[in-house]
Amino acid sequence: MAENGEPIQDLAHLGYVELLTPKPDESLWYFTDLLGMEEVHRDGPSAYLRGYGDYAAFTLKLTEAKQSGVGTIAWRATSAQALERRAQAIEGAGLGIDWADGDYSKGRTYRFRDPDGHAMEIYFEQEKYAAPEHLRSTLRNLPMKFPTRGVGVRRNDHLAVLCQDVPANREFAQNILGLHLREQVIFDNGATEIGSWMSNNAIHHEIAYVVDVKGASGRLHHYAMWVDNREEVLRAADIFMDNGIFIEAGPSKHNNSQGFYIYSYEPGGNRVEVYTGGLWVFDPDFETVVWDEETRNGGVHWGAALPESFLNYATPPV
Ligand code: FE
């Protein structure tokens, strides 16, 4: 979205996501043993994890909590100046909280909330991951060896959050944060915005805002990690089945985003997607794609329909 006639390009990408879990040991097992992520740090109730392709020291923070759900959603700015500019804009919008020292491996951080109340932050300084000897890849441009266990998710990709008022949150993301609007689902002849998919870069969407059918606020629909191909999504299905993990939907293909997906529930209750395919957006004046009741087809291009739980279940449950 434009500011002084120019698009805002102050956020580089989704930095990290914090998931809350009432079953920290089981959740850690799911992400490390089954998805193949690496634990790099521990601090009190939180474990810090990464995919083998992530350049940052960590991209997923798993925190023990009474209830499941999403904690902090963090964005990396494109520069120190960009961080200052976004902090000022958020402050001006009345949604700022404060400046903090920054989490493990991150520098000075500006904390705020989106209009629905999700905790967010922006930082610029980021320590790159330095693999210990036994995890060093022979590829000079790969931050870490491909894991020898589990699915082997490559990197953090996106998350979908629920909110009471999609337009308010979408407008905040566009006008204040500077995210680009990719796709929308709008029902009732253009009157009801069901969901909006947005990104800072060529990744189709880094965050989606979808209406919370229960009228709650601050909830998570799902968190998604990227794999390189469909075969790895199928391998995730085999690994989940062998280990008693509930597969809610897929492997199938979405119509919006074109993503090839499998959705499971990690032991703490959060919905986790293993994802590939998807379209990349390089067009600087990309025209938002809008789906209505007829074209939406329940979000599925081919494969089984998404179950009722996909519409009704989110974390924390209400
Ligand atoms: Fe997704």
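User: How many aromatic pairs does the count come to?

Analyst: This is a predicted model. Rings of Phe, Tyr and Trp pair if their centres lie within 6.5 Å. By this rule the count comes to 17 aromatic pairs.

User: What kind of aromatic pair do Tyr 30 and Phe 31 form?

Analyst: Both Tyr 30 and Phe 31 are buried. Their ring centres are 4.9 Å apart, and the angle between the planes is 85°. Planes over 60 degrees apart count as edge-to-face. So, with its 85°, the pair of Tyr 30 and Phe 31 is edge-to-face.

User: Tyr 48 and Tyr 104 form an aromatic pair. How many residues apart in sequence are the parts that this pair ties together?

Analyst: The pair of Tyr 48 and Tyr 104 is edge-to-face, with 5.5 Å centre to centre and 70° between the planes. Tyr 48 lies in strand 5 (residues 46–50). Tyr 104 lies in the loop between strand 8 and strand 9, so the pair ties together parts whose separation in sequence is 56 residues.

User: Is Tyr 104 buried or exposed, or partly exposed?

Analyst: Buried means under 20% relative accessible area, and exposed means over 50%. Tyr 48 has 2%, so Tyr 48 is buried. Tyr 104 has a relative accessible area of 27%, which means that Tyr 104 is partly exposed.

User: Which strands stand at the edges of the open sheet of eight strands?

Analyst: The sheet has the order 4-5-6-3-7-10-9-8, with mixed pairing. An edge strand here has a single partner strand, so one side is left without a neighbour in the sheet. The two edge strands are strand 4 (38–43) and strand 8 (96–100).

User: What is the bridge partner of Ala 100 in strand 9?

Analyst: Strand 8 and strand 9 (residues 109–113) run antiparallel and are joined by four bridges. One of the paired residues is Gly 96, whose partner is Phe 112. For Ala 100, the bridge partner is Thr 109.

User: Which residue of strand 10 stands opposite Thr 109?

Analyst: Five bridges join strand 9 to strand 10, and the two run antiparallel. Their hairpin has five residues between the strands, and Gly 117 takes a positive phi near 105° there. Opposite Thr 109 stands Tyr 123.

User: What angle does the direction of helix 3 make with that of strand 9?

Analyst: Helix 3 (residues 166–177) packs on the sheet. The helix touches strand 3 (11–21), strand 7 (69–77), strand 9 and strand 10 (119–123). Its direction makes an angle with that of strand 9 of about 150°.

User: Which residues coordinate the iron ion?

Analyst: The donor residues are spaced H-x63-H-x50-E in sequence. His 158 lies in strand 11 (residues 155–163) and Glu 273 in strand 18 (residues 271–277), so this pair ties together parts 115 residues apart in sequence. Both His 158 and Glu 273 are buried. At 2.0 to 2.1 Å, the iron ion is coordinated by His 158 (NE2), His 222 (NE2) and Glu 273 (OE).

User: Which residues touch the most other members of the largest nonpolar core?

Analyst: In soluble globular proteins, nonpolar side chains tend to be buried together. The largest nonpolar core holds 56 residues. Leu 35 has contacts beyond four places in sequence, including Val 151, Met 225, Phe 240 and Val 274. The residues that touch the most other members are Phe 31, Leu 35, Trp 75, Leu 159, Leu 177 and Val 274.

Note on methods
Residues are numbered from 1 along each chain as its sequence is written. This is a predicted model: local features need pLDDT of at least 70, side-chain atom pairs count only at pLDDT 80 or more; totals for chains, interfaces and linings use all residues. Side-chain values use heavy atoms; hydrogens and water are left out. Two strands pair if DSSP finds at least two bridges between them. Contact means heavy atoms within 4.5 Å. Axes are lines fitted to C-alpha atoms, for helices over the stretch in contact, and angles run from 0 to 180 degrees between N-to-C directions. Donors are N, O and S atoms within 2.8 Å of the metal (3.2 Å for Na, K and Ca); water is not among the atoms, so sites may look incomplete. Buried means under 20% relative accessible area, exposed over 50%, partly exposed in between (1.4 Å probe, protein chains only). A nonpolar core is a set of buried Ala, Val, Leu, Ile, Met, Phe, Trp, Tyr and Cys residues joined through side-chain atoms within 4.5 Å. Rings of Phe, Tyr and Trp (its six-membered ring) pair if their centres lie within 6.5 Å; planes under 30 degrees apart count as stacked, over 60 as edge-to-face and the rest as tilted.
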